[in-house]
Amino acid sequence: MSYVLTPKEVKERYGSMFCRGFCTIVDEKNNIAKVVETCTARGPVEWDLVNRKRAGGVILNTHLDGCTLTMSTFIGKKELKFGPSSAELGGQGLESLTIIDGKVHTVWKGIGGASIGIGACLPQAEGIIKTIYPDNFKIGGAHTASVEIITPMLIRVIVGIDDTDTKERGASWAMAMDMARKCPYGKFLEHKIIQLNPRSPNKTTNCCSTAVAFAIEPENTDCLVEFCKKFITENTLSDETAMAVFKGLKFSESFVDWCLRAKSTIYTLDEAIKVAESNDVEVTYITGKKGAIGAIAAIGCFDLGIKSAEISKIFE
């Protein structure tokens, strides 16, 4: 038997704790997902990162940025291994991530003090629908606890933009940031400035494109894309503005390589459109076509961290 608590009910039972946000982003085509957890302080998520990696389960890799922990996982189930010293060390892990009736179900296990994290802290975070507890659930001390957290199924949408400014006015990165912050659909995840080839004959000043990413329910993606089109149309200062859209968590290696080479190569529009079509990137000409190359390149460079902002070595 089991019982169910909403985040509000968890907070009433255990008191206000420290997890501020939690969401699950899936890519069913590639059988992968991302679990994003934001804490009040960095210490707890540092401990979570180390111990969840130690336990294995469905976690593939982790990334910590400030107080936000992002875990890349596969969709499925895998046994956790806390190790022979778990009784002394405690432990915590993600055993499974599955999709049931359009919702994401994650099963977490914790030993000792870590059971408080998965039983009292995570379940009261913003973004969680409800948590299922076994009837014999106990936290703290030497107890081993297990809970099933249910969240909305979200997908990632990346919007790439280029050529919105002139030599006298505007900046694509600033307009994209403004657009992302004002967007009423989905959750704004990240903003990236992509350094491209400074020798491009069509650049304004720095030759940078930009992209923003959202986590959103699949049924609302059309509303998000239409909002972005309208916002860019109303705010661009250029007659060559274009937008590119990608839905998912994974790019092909050849696509990322092509986009990286936009830092040192002068591509034609035909080359860019061909690459976009073969990599599920949708291109929209807002006021013109020249911005499409940079908008597409911004998509493929999005997950490269600081590398996306770097200048190609041939210009150093």
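Glu-240 counts as partly exposed because its relative accessibility is 21%; here buried means under 20% relative accessible area, exposed over 50% and partly exposed in between, with a 1.4 Å probe and protein chains only. Before we go on, note that this is a predicted model, in which local features need pLDDT of at least 70, side-chain atom pairs count only at pLDDT 80 or more, and totals for chains, interfaces and linings use all residues. Residues are numbered from 1 along each chain as its sequence is written, and side-chain values use heavy atoms, with hydrogens and water left out.

Let's stay with Glu-240 for a moment. You will find Glu-240 in the loop between α6 and β13 (242–247); helices (H or I, at least four residues) and strands (E, at least two) are DSSP runs, numbered from the N terminus. Leaving aside neighbours within four places in sequence, Glu-240 is in contact (heavy atoms within 4.5 Å) with Asp-162, Asp-163, Thr-287, Gly-288, Lys-289, Lys-290 and Gly-291. Tyr-285 is 45 residues from Glu-240 in sequence, yet their C-alpha atoms are 8.0 Å apart in space.

One of those contacts, Asp-163, deserves a look of its own. Asp-163 sits in the loop between β10 (144–162) and α5 and, at 12% relative accessibility, counts as buried. Although Asp-163 is not a glycine, its phi is positive, about 60°. Asp-280, in the loop between α8 and β14, also has a positive phi, near 60°, and is a residue other than glycine. With 48% relative accessibility, Asp-280 counts as partly exposed.

Within α8 (residues 269–277), Ala-272, Ile-273, Val-275 and Ala-276 are buried. Seen down the axis of α8, these buried residues fall within an arc of 160°, so they line one face of the helix; the arc is that of the directions from the helix axis to the C-beta atoms. Asp-270, Lys-274 and Glu-277 are exposed on the other side of α8. The cover over the buried residues includes α7 (253–260), β14 (282–285) and α9 (292–300).

By class, the contact of α7 with α9 has seven nonpolar, one polar and no charged residues; Ala, Val, Leu, Ile, Met, Phe, Trp, Tyr, Cys and Pro count as nonpolar, Asp, Glu, Lys and Arg as charged, and the others, Gly among them, as polar.

Met-175, Asp-178, Met-179 and Lys-182 of α5 make the contact with Phe-227, Cys-228, Phe-231, Ile-232 and Asn-235 of α6. The residues of this contact divide into six nonpolar, one polar and two charged.
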